[in-house]
Amino acid sequence: MTTALALAGCSTNSDSGSGSTSGSKNLTVAGWADDAVMKAVIAQFEKDNPGVKVKLTGYPWPAILTQINTQLVSGTAADVNVVFPGNGNPITAQTLAKGKYLADLSSESWASNFNEATKNVMSADGKVLMVANNSTIIPATYNTQALKAIGKTAPTTWSQVLDLCSAAKAKGKVAYAMAGLAGGTFNYLPYALTATLVYGPNPDFSAQQAAGKATFSDSEWTTALTKYQQMLKAGCFTKDSLGTSLDVAQKQVATGDALGIVTVSNQIVDIQKDAPSGTTFETAALPATDDPSQTVLPVGLGAGYGVNAKGNVALGKKFLDFYMSKKGMGVAVKAGSIFPSTTVEGFKPAPALAGVSDQVRSDKTAAFPDQTWPNANLTQVYQDELQKLLGGQASVKDVLAAMDAAYKG
Amino acid sequence: MATSTDPAPTGAPAPGPRRRYRSYAQSVWWFVLPAAALYAFAVIVPAVQGSLFAFTDWDGVSSVKHWVGLRQFRSIFDDTNSLTAIKNTLLIAVTVTVVQNAIGLLIALGVNSQIKSRNFLRVLFFAPVVITSIAVGFLWQNLLAPEGALNQVLKNIGLGGMRQNWLGDPKVAIWAIIAVVIWQFVGYSMVIFLAGLQGIPDEVIEAAAIDGAGPVRRFWYIVRPMLAPAFTINLMLSLIGGFKLFDQVFVMTQGGPGGATDTISTLIYKDAFQLGRFSNGAALAVVLTLFVAAASAFQYRMISKNEG
């Protein structure tokens, strides 16, 4: 293991990690495995730029985190790489900025299409380092037929959420599928609750926390996690959720054994794949209060791409310009069910996302909290502590105290 | 007249056995050199370099790092997660070593008999060894799910009360992982014991039987001492494997729930490659290396003494 660490760490940066040189017509892209959207964008880019060859290498989650990070550090990375906004994992804009691995994209024309809050999570030290053509949403996704079967509709108030849990339980079902195994969905539901309780009412909460004027413990995070615990005790979640994998939880919603699930929107496609023919799905923001007008939807910039500062920067920037262009966005929207990060004329969301599409464009949204957290360790501590909360080994107070300690680093 | 076989006229002594040995040893070193250089380049230099990161504050990404002495090592022993991981690693290493070898030996004794299906059984018990650990992890993650096959079988045979949240209950998960590791590698121990058993001459066993030794006495006074080399290699391999355990844990639980199944290896991976704490990971890797070296040296000495 020591050797593995050393091999990963001892390499030096080369002038051209991917073998591409400035002015070359060859471009390498490190993206997601089986990413139909990126494949379509690349095909169109090559068509529009005769002579240009783009080689795409796909990595699955979560291997992509360590693969791209290690390649950038060791100088063997592609010219264009998957980069996440904000902080919180090894390939975010702010993590990679520490080693100056990403080219400055501030002067690209698309940069002005994003508001300041979004630009902040795309940037570090005042430089825009990544861009994404998609937004990720955390709605509650419901199996429409399963809801109808118990005579309910998607809840719009907190009381209705608890009522749905009771009604589902009475029919031998669960209201919300929950994957508590690592890599599951257990960490998303508190994000949905804090959007309404913390980050919606106080958009400056992250800034106040950074300035040392706010903590998790002394905030509405306490209410959010107490409500999470209340849902657990009310039997809203999959039984033995800590042993349930993502795959199993998705199947529960697909088959109607669970009425819904609170998870990131890009998982809806996977749920639909497992569903019997004729099953339809709908989305709504998860309420956290009894006033529907207060409900805020978590919407974050999705995973995007950055240009390797040691790679073929000129062609990499040209590629991202196309990726963010009207034509490139059009190709992406047509190829997959993404929710575009900027306005695309004539865009129609996938039917399952129709319920939240208007709210995504409204001011009733809040960014994902982890995108503004100061270190990746806090995300890990949050997940570990949340599992302890689900297993009854930690109280809300314990969880938030551990998160406050991790925030300080 | 001098011939080529004449002794040297200078009065120099003829090359003695020691000098011939030195010359032979020197020539052998030349043969070893290419492989040794490659080994040094690929293993020793990176290992030393990696160990040095443990004395810095490098986060794995930044272009700067500072020398911080033993700070990372102190933080390991101040951190609850690291201590849990060390405790888990020791538990896994000791339990796997003892149970895997005990079961492996019993199976080896069984399939070394004259039963008709012995060849089929040998293949059956060895089969999990050839499956990759990642595949084994995913397979058992499904089998151990709350509604998975194991709980279904327990329910169907009337043992529903024994159903567990195998990977979700922090008190059970570590034992579930240990059981999976033993299931996977018990065939490996079996094969080594079987090779040892087949090296014991039948005459010796038969002579002991004629002298009135029963199966237990025959095993304890004849088979067991003659299996000492097999014990040495089996205990060493399973102990080192237990200390380094990573794949099965990472696939099945990623160290969860709440860090309850983290091992030193999973923490090294998380710290170094996921959490931006490369030097912490390097310090843990050094600690793991020392554990493995110390345990192996101790075990080797003890067993060698017994063998001698």
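1. Contact here means heavy atoms within 4.5 Å. On that basis, residues 24 or more positions apart account for 75% of the contacts in chain A with a separation of 6 or more. The model is a predicted one, in which local features need pLDDT of at least 70, side-chain atom pairs count only at pLDDT 80 or more, and totals for chains, interfaces and linings use all residues. Residues are numbered from 1 along each chain as its sequence is written, chains are lettered from A and ligands numbered from 1 in the order in which they are written, and side-chain values use heavy atoms, with hydrogens and water left out.

2. Overall form of chain A. The radius of gyration, taken over C-alpha atoms, is compared with a globule rule of 2.2 Å times the number of residues to the power 0.38. For 409 residues a compact globule would have a value near 22 Å, and the 21 Å of chain A therefore agrees. The C-alpha trace spans about 65 × 45 × 40 Å along its principal axes.

3. Composition and surface of chain A. The chain contains 17 helices and 14 strands; these are DSSP runs numbered from the N terminus, helices being H or I of at least four residues and strands E of at least two. Of the 409 residues, 58% are buried, where buried means under 20% relative accessible area, exposed over 50%, and partly exposed in between (1.4 Å probe, protein chains only). The chain exposes about 15900 Å², and carbon and sulfur atoms supply 51% of that area. Accessible areas come from the Shrake-Rupley method with a 1.4 Å probe; for residues, only the protein chains shown count as cover.

4. Backbone points. Most residues other than glycine have a negative phi, and most peptide bonds are trans. A:D34, in the loop between β1 (26–32) and α2 (36–48) of chain A, has a positive phi near 55 degrees and is exposed because its relative accessibility is 70%. A:K100 likewise has a positive phi, near 55 degrees; it lies in the loop between α4 (93–97) and α5 (116–122) of chain A and is exposed, at 62%. A cis peptide bond joins A:W61 and A:P62, with omega about 0 degrees, and A:P62 lies in the loop between β2 (53–59) and α3 (63–74) of chain A. In chain B, a cis peptide bond with omega about -5 degrees joins B:G256 and B:P257; B:P257 belongs to the loop between α11 (247–252) and α12 (264–274) of chain B.

5. Two buried residues of chain A. A:N377, in helix α16 (residues 376–391) of chain A, counts as buried at 17% relative accessibility. Leaving aside residues up to four places away in sequence, A:N377 touches B:L275 and B:R277. A:T289, in the loop between β10 (281–284) and β11 (297–301) of chain A, is buried at 15%. With the exclusion of residues up to four places away in sequence, A:T289 touches A:T157, A:W158, A:T196, A:L197 and A:Q294. A:T289 and A:D104 are 185 residues apart in sequence and 42 Å apart in space, C-alpha to C-alpha.

6. A helix pair in chain B. The axes of α4 (residues 118–126) and α7 (residues 170–198) of chain B come within 8 Å and cross at roughly 140 degrees. α4(B) and α7(B) are therefore oblique to each other. B:R122, B:F125 and B:F126 of α4(B) meet residues of α7(B) including B:Y188, B:M190 and B:L194.

Key: Axes are lines fitted to C-alpha atoms, for helices over the stretch in contact, and angles run from 0 to 180 degrees between N-to-C directions. Angles under 35 degrees count as roughly parallel, over 145 as roughly antiparallel, 65 to 115 as roughly perpendicular and the rest as oblique.
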